[in-house]
Every structure is written in C-alpha cells, then in structure tokens.
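Biologist: I would like to learn how to read a fold from its coordinates. Can we go feature by feature?

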Amino acid sequence: MNKNIKLLIWSALVTLVLIALPSIIHYGPQLIGKSFTDQDDFKYRMEQVYTNLSESTLNPVDLKKMEKELYVSDGDISEYRERYGTLPEQLDNIQQQYADKITEAKKIKTKHCC
C-alpha cells in the first residue's frame with residue numbers, strides 16, 4: 001500500500017480517537033460497568049413516567065367530588081375581578097393601550113376609502 005494512504009488512514013484514526021476521547025471521559029463512568037436500568041438518565045425518565053401515570057391513570061381526580069370540595073369565597077371573586085383595578089380603570093387602561101392603533105387604523109381606512 002502506498003505510504004501516503006497509510007498515513008492518511010492513521011491520521012483519520014488518531015483524529016477520530018481524539019474527537020471521541022472527551023465523550024468517553026465524560027460518559028464512561030456512567031455507562032461502563034452499569035446495566036441500562038442503573039443509569040441516572042434511565043432512572044430520571046422512569047420517574048417522569050411514574051409521575052405522569054400517577055396523575056392521570058393511577059390516581060385519577062374525581063371531578064364531581066372536587067367540585068363539591070372546592071370553595072370560592074366572595075373575597076376570592078372580588079380579588080379576581082379587581083386584580084388589575086376596578087372595571088372603569090381596566091377599561092381606561094385598555095383604551096390607552098390601543099388608542100394609537102385605533103388612530104392608525106382610522107388613518108389607513110381614510111386613505112383607502114375615499
């Protein structure tokens with residue numbers, strides 16, 4: 001075989017090893033000597049599956065029962081209604097937010113209309 005081809009092959013192999021070396025050093029302790037189920041990533045993903053299953057299938061919520069147990073006070077309702085101010089304050093705020101856009105839209109309509 002030609003010396004240049006051998007040198008090229010060896011250079012490619014050395015480059016490949018040097019590129020793979022950081023991954024081997026980083027992930028090696030996690031993967032070598034452990035079964036698939038002993039890996040941290042597997043345990044984390046299984047925990048997620050169990051959590052999702054427990055919320056939806058294993059421990060389903062009875063909506064009728066929860067509706068009966070749910071209590072909303074008048075204070076909760078008024079706090080929700082006035083979270084962003086009283087009704088007139090909220091309407092004024094909305095009008096201020098969109099005043100420029102409304103004016104711009106009216107100008108465009110006037111230009112295209114007549």
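Biologist: In what order do the elements of the protein chain run from the N terminus on?

Modeller: This is a predicted model, so keep that in mind throughout. From the N terminus, the order is α-α-α-α-α. The count is five helices and zero strands.

Biologist: How do I judge whether the protein chain is a compact globule or more spread out?

Modeller: Compare the radius of gyration with what the globule rule gives. Here the rule gives 13 Å for 114 residues, but the radius of gyration is 33 Å, so the protein chain is more spread out than a compact globule. The C-alpha trace spans about 85 × 60 × 25 Å along its principal axes.

Biologist: What share of the 114 residues is buried?

Modeller: A residue is buried when its relative accessible area is under 20%. Such residues make up 4% of the protein chain. The accessible surface comes to about 11300 Å². Carbon and sulfur atoms hold 61% of that surface.

Biologist: Which residues make the nonpolar surface patch?

Modeller: To be in a patch, a residue needs over 30% relative accessible area. Ile5, Ile9, Trp10, Leu13, Val14, Leu18, Leu21 and Ile25 make a nonpolar patch of about 800 Å². Take Val14 as an example. Val14 lies in helix 1, residues 3-31. Its relative accessibility is 44%, so Val14 counts as partly exposed.

Biologist: Where does helix 1 bend, and by how much?

Modeller: A bend is the angle between two axes, one fitted to the seven residues ending at a position and one to the seven starting there. Helix 1 bends by about 40° at Ile25. Pro29 follows within four residues. Ile25 is also one of the residues in the nonpolar patch. Just after helix 1, Gly33 has a positive phi of about 85°.

Biologist: How many salt bridges does the structure hold?

Modeller: The test is a side-chain nitrogen of Lys or Arg within 4 Å of a carboxyl oxygen of Asp or Glu. The structure holds two. Asp41 pairs with Arg45, with the closest N and O atoms 3.1 Å apart. Glu79 pairs with Arg83, with the closest N and O atoms 3.3 Å apart.

Biologist: Why are Asp41 and Arg45 separated by about one helical turn?

Modeller: Because they are four residues apart in helix 2, residues 40-58.

Biologist: And what about the exposure of the partners?

Modeller: Asp41 is partly exposed at 44% relative accessible area, whereas Arg45 is exposed at 51%. In the other pair, Glu79 is partly exposed at 43%, and Arg83 is partly exposed at 45%.

How values were computed
Residues are numbered from 1 along each chain as its sequence is written. This is a predicted model: local features need pLDDT of at least 70, side-chain atom pairs count only at pLDDT 80 or more; totals for chains, interfaces and linings use all residues. Side-chain values use heavy atoms; hydrogens and water are left out. Patches are made of residues with over 30% relative accessible area and no salt bridge: like charges are joined within 9 Å, nonpolar side chains (Val, Leu, Ile, Met, Phe, Trp, Tyr) within 5 Å. Accessible areas come from the Shrake-Rupley method with a 1.4 Å probe; for residues, only the protein chains shown count as cover. Helices (H or I, at least four residues) and strands (E, at least two) are DSSP runs, numbered from the N terminus. Buried means under 20% relative accessible area, exposed over 50%, partly exposed in between (1.4 Å probe, protein chains only). The radius of gyration is taken over C-alpha atoms; the globule rule is 2.2 Å times the number of residues to the power 0.38.
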